[in-house]
Amino acid sequence: MTPFTPPTADQLLAIRVNAGIDELAATGRFAHAEPDLVEAIVGGVGQFAAGEFAPLNRTGDKEGAKLENGRVRLPDGFEAAYKAYVEQGWNTIASPQAHGGQGLPFTLACNVLENLGAANMAFTLLPMLSVGAIEALEHHGSKDQQAMYLPNLVSGKWSGTMNLTEPAAGSDVGALRSTAEPIESGPHAGKYRITGQKIYITWGEHDLADNIIHLVLARLPGAPEGSRGISLFVVPKYHVNADGSLGPHNDLRCVSLEHKLGINASPTCVMSYGDNGECIGELVGRENKGLAAMFTMMNNARINVGNQGVQIGERATQQALAYARDRVQSARAGSPDKTPVAIIEHPDVRRMILRMKALTEGARALLYYCAGQVDRGNLGDEAARNRAEILVPLLKAWGTDIGVEVAGLGIQIHGGMGFVEETGAAQHWRDSRIAPIYEGTNGIQAADLVTRKLALDGGEAIFALFDTIAREAGEEPALAALARDCARVALWMQDEASLDDRLAGSVPFCTMAAVAVAGWQLMKQAQAVAAGASPELAAIKPVTARFFLDRIVPEAAGLESSATAGADLLYALPAEALLG
């Protein structure tokens, strides 16, 4: 597998141009995010990821996580790498200073995960889930819960998980059946006995952190059916004493590990709570309001999963470039010189390479634009908060689709060698394929876009986005036209389409909108480079941006007919006829 080289220059460009880090640093809250510190963080975590996480990517895939006598074991090297990650403070970047964090913009935390995930996507799911647990407890935990759990979660000494899915409750979280019984007396009075089984729990059991803090959805006695009757509980692997020391093991266990297509070094656990009736948890937030609290964590996770599309795209592109440079095959078509050349000289390989780079850079531009809007929303900017709400499903859905496409193109460039495991190209595709599925499938993201997000601020939020793109893309007619197409589809969905029609067109519309935003932000990068920013990118950025604007934007415009086709054809055949 080709070594990972952090794309520091392109990341810094996106952080400056798309996230607007200098503008964030002009505020009191983020004043310490000065250019020297930003460059030190981006460069430093890139080198850390390349040196510590990347060498474990292949061994993690081949050996995977193993369950032995109830304990999950990782391959050699993972424990030392995670310890170094904690000791160097990479987990603390955007966490609250009151609990040991650095209080820097979320944008920089996204960069930490981008570098770590490009180096080793499966390993990076461990800190990614912890970040979400911190977010949920910061917003919904009591003061006592925050004091007990956040310092060690922020440092990375402890890790976090979220427990939603059950065997009979997948995307329909409201169907879950795990229970929480109030404890009336004894040493755990005021807490709850948790009983149930959860599946697909990422890093639900391991020995890399001293404790694992599970956030578990369950039902209280007499709770309403469906999502209105779900509460959230914090359930530690080890009980935590009043002085912060660890007590005995809680009544929870990892029953089994899933055998997966990819991300093999990430233990995906079936977790059982309360086999002996003594799994103790604490209520987080209000009774029956657990889903709202969990969605705080899920929204963060959806951004970070969209980030995974960028991560795997970057890694697959680097691998494909290295192979295309070294693989000599055939003479250049039409050349009088019949000497075989490296395949990077052939037109179709060039097309694939440029597509991989343009898609990855476009997704990165969208990622950091979204992160910058999240930071502004955290500063109290309501318009930015609404814009981030719209951008999250675009990033999660299109970003992860891009990761799969780019990893697939990487295999194609390798030819037959891409279809065998030794080159490592296949691992990138296998790892990428989960991202469009977890944290809400991409179909669910698109449905969210055309229902809840379309209605934000009475519909004004999404139309303001498209209007801004069309106005600023004046010298890019294809991009401006795509933005107007998006606005036209949105208006049709808002005023004319039935709910079925909206849902039937949601995925192509989500793609159109994501490409419009990514193209707009990539255009801004090219303009900044033309004005003298990032001179090291002066040769390549205009080409990749041009490829995106001239080839990928028109493809997205062609989706309008699918977005407005309605649902009738989807139901022209009864299910029995489709089944044959």
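Okay, let's start in a loop: Ser534 sits in the one between α17 (506-530) and α18 (541-557). A quick word on labels: helices are DSSP runs of H or I with at least four residues, strands are runs of E with at least two, and both are numbered from the N terminus. Before I go on, this is a predicted model, so local features need pLDDT of at least 70 and side-chain atom pairs count only at pLDDT 80 or more, while totals for chains, interfaces and linings use all residues. Residues are numbered from 1 along each chain as its sequence is written, and side-chain values use heavy atoms, with hydrogens and water left out.

Back to Ser534. Its phi is positive, about 45 degrees, and it is not a glycine. Most residues other than glycine have a negative phi. Ser534 is also buried, because its relative accessible area is 11%, and buried here means under 20%, with exposed over 50% and partly exposed in between, using a 1.4 Å probe and protein chains only. Tyr200 is another non-glycine with a positive phi, near 60 degrees. You'll find Tyr200 in strand β5 (residues 192-202).

Now to helix α12. How many of its eight residues are buried? Seven, so α12 (residues 425-432) is largely enclosed by the rest of the structure. The buried ones are Ala425, Ala426, Gln427, His428, Arg430, Asp431 and Ser432. As for what covers them, that includes α4 (57-63), α7 (121-140), α9 (290-326) and α11 (382-414).

Take Arg430 out of that set. It belongs to α12 and counts as buried because its relative accessible area is 12%. Its side chain makes a polar contact of 2.7 Å with the side chain of Asp61. By polar contact I mean a pair of N or O atoms within 3.5 Å; within protein, one must be able to donate a hydrogen and the other to accept it, and residues adjacent in sequence count only if both atoms are side-chain atoms. Leaving out residues up to four places away in sequence, Arg430 touches Arg58, Asp61, Leu261, Gly262, Asn264 and Glu421, where contact means heavy atoms within 4.5 Å.

Next, helix packing. The axes of α9 and α12 come within 10 Å and cross at roughly 165 degrees. Those axes are lines fitted to C-alpha atoms, for helices over the stretch in contact, and the angles run from 0 to 180 degrees between N-to-C directions. So which way do α9 and α12 run relative to each other? They are roughly antiparallel; the cut-offs are under 35 degrees for roughly parallel, over 145 for roughly antiparallel, 65 to 115 for roughly perpendicular, and oblique for the rest. The α9 and α12 crossing is left-handed, that is, the near helix is turned anticlockwise from the far one by less than a right angle, with clockwise being right-handed. On the α9 side the contact uses Ile312, Arg315, Ala316 and Gln319, and on the α12 side Ala425, His428, Asp431 and Ser432. By class, that contact has three nonpolar, three polar and two charged residues. For the classes, Ala, Val, Leu, Ile, Met, Phe, Trp, Tyr, Cys and Pro are nonpolar, Asp, Glu, Lys and Arg are charged, and the others, Gly among them, are polar.

Then there's another pair, α3 (residues 35-53) and α5 (residues 78-87), whose axes come within 10 Å and cross at roughly 160 degrees. That makes α3 and α5 roughly antiparallel, and their crossing is right-handed. The contact here comes from Phe48, Glu52 and Phe53 of α3 together with Ala81, Ala84 and Tyr85 of α5. It splits into five nonpolar residues, no polar ones and one charged.

Last stop, a few buried spots. Asn211 is in strand β6 (residues 211-218), and at 0% relative accessibility it counts as buried. A polar atom of the Asn211 side chain lies 3.4 Å from the backbone nitrogen of Lys237. Beyond four places in sequence, the residues Asn211 touches include Trp158, Pro236, Tyr238 and Leu246.

Cys486, in helix α15 (residues 477-495), is also buried, at 0% relative accessibility. Setting aside neighbours within four places in sequence, Cys486 contacts Phe466, Phe509, Met512, Ala513 and Ala516.
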